[in-house]
Amino acid sequence: MSKPKLFYAQASPAARSTLLTIAALGLDVELIPVNLAAGEHLTPQFLKINPLHTVPTLQDGDFVVFDSHAINSYLVNKYGKTDSLYPKDAKKRAIVDQRLHFDSGIVFPRLGAVVGALLRGGAKTIEKDKADLITQAYQSLEILLEGHNFIAGDELTIADFSLGATVSSTNAAIVPIASNTYPRITAWLSRLQALPYYETNQKGVDQFKGLIQSKLA
């Protein structure tokens, strides 16, 4: 049986959340880089796999799934030796799902608004209103972390991978996180950075930061 294939871009926070999930599960996956700047995600070959032309995209045999949140839950459900990263308990899973939706519906789109303005809109600065929305997301995240080591409780889950990849990117390149203002976020990011496979995220954070800085006047 052929191993799963992941189409990804290292700078993409969404793709990095899946790389973290793969690393945490110890999976053997064929990694296929997609050059977004060169338009490789818009080729007929890629559009046949994913008509929404997004990364990451997972191909597991004849099954294809896109959107990192869906991919990550699928990988744990199918390949996880335990359910710790995505608990089967209804209440615990609901909290993880809520945090995943917090990323997909609030935090990541606010990052995307900044990236879109710089990469496609011709902006040369990070607009204050967009930065303020990211700051508001930090305020919510700080509250959600109260009394917990990780974003959905005291155990590491795929919600940490999704939000961690997004927030580490905004912190590095858009709105820095002040440790005195957001001590819980700072401590949480430090816990993620201590993971033995965190380098797969840091490498992409560095690429993302370089990309953003290259567009600023």
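This report describes the domains, nonpolar cores and aromatic pairs of a predicted model.

Residues are numbered from 1 along each chain as its sequence is written. In this predicted model, local features need pLDDT of at least 70 and side-chain atom pairs count only at pLDDT 80 or more, while totals for chains, interfaces and linings use all residues; side-chain values use heavy atoms, with hydrogens and water left out.

**Domains**

The chain is divided into domain 1 (5-79) and domain 2 (90-214), with bounds that come from an automatic or database domain assignment. Taken over C-alpha atoms, the centres of the two domains are 20 Å apart. Contact here means heavy atoms within 4.5 Å. On that basis, 16 residues of domain 1 are in contact with 22 residues of domain 2.

The UniProt record, an unreviewed entry, carries the annotation "domain: GST N-terminal" for residues 2-83. UniProt positions are given in the numbering used here, feature names are shortened, and annotations may be inferred rather than shown by experiment. Over residues 2-83 the chain is 38% helix and 20% strand. Helices (H or I, at least four residues) and strands (E, at least two) are DSSP runs, numbered from the N terminus.

**Nonpolar cores**

A nonpolar core is a set of buried Ala, Val, Leu, Ile, Met, Phe, Trp, Tyr and Cys residues joined through side-chain atoms within 4.5 Å. Buried means under 20% relative accessible area, exposed over 50%, and partly exposed in between (1.4 Å probe, protein chains only).

The largest nonpolar core has 55 residues, and L141, V167, I185 and W188 touch the most other members. Elements that each supply at least two residues include β1 (5-8), α1 (13-25), α5 (128-144) and α6 (158-173). Helix α4 gives the most, with 9 residues. Domain 1 (5-79) and domain 2 (90-214) both give residues to this core, so the core lies between them. Not counting residues up to four places away in sequence, I185 touches Y138, L141, E142, L145, V167 and I177. A second, separate core of 5 residues includes A9, V34, F46 and V55.

T166 is found in helix α6 and is buried, with a relative accessible area of 1%. Leaving aside neighbours within four places in sequence, T166 is in contact with P13, D103, V107, F108 and L111.

A137 is in helix α5 and is buried as well, with a relative accessible area of 4%. Not counting residues up to four places away in sequence, A137 touches F102, I106, V107 and R110. The C-alpha atoms of A137 and V167 are separated by 9.5 Å, and these residues are 30 apart along the chain.

**Aromatic rings**

Rings of Phe, Tyr and Trp (its six-membered ring) pair if their centres lie within 6.5 Å; planes under 30 degrees apart count as stacked, over 60 as edge-to-face and the rest as tilted. The whole structure has 4 aromatic pairs, including the two below.

| Pair | Centre to centre | Angle between planes | Type |
|---|---|---|---|
| F7 and F46 | 5.7 Å | 75 degrees | edge-to-face |
| F161 and Y197 | 6.2 Å | 75 degrees | edge-to-face |

F7 is in strand β1 and F46 in helix α2 (residues 44-49), 39 residues apart. Both F7 and F46 are buried. F161 lies in helix α6 and Y197 in the loop between α7 and α8, so their pair ties together parts that are 36 residues apart in sequence. F161 counts as buried at 1% relative accessibility, and Y197 counts as buried at 19%.
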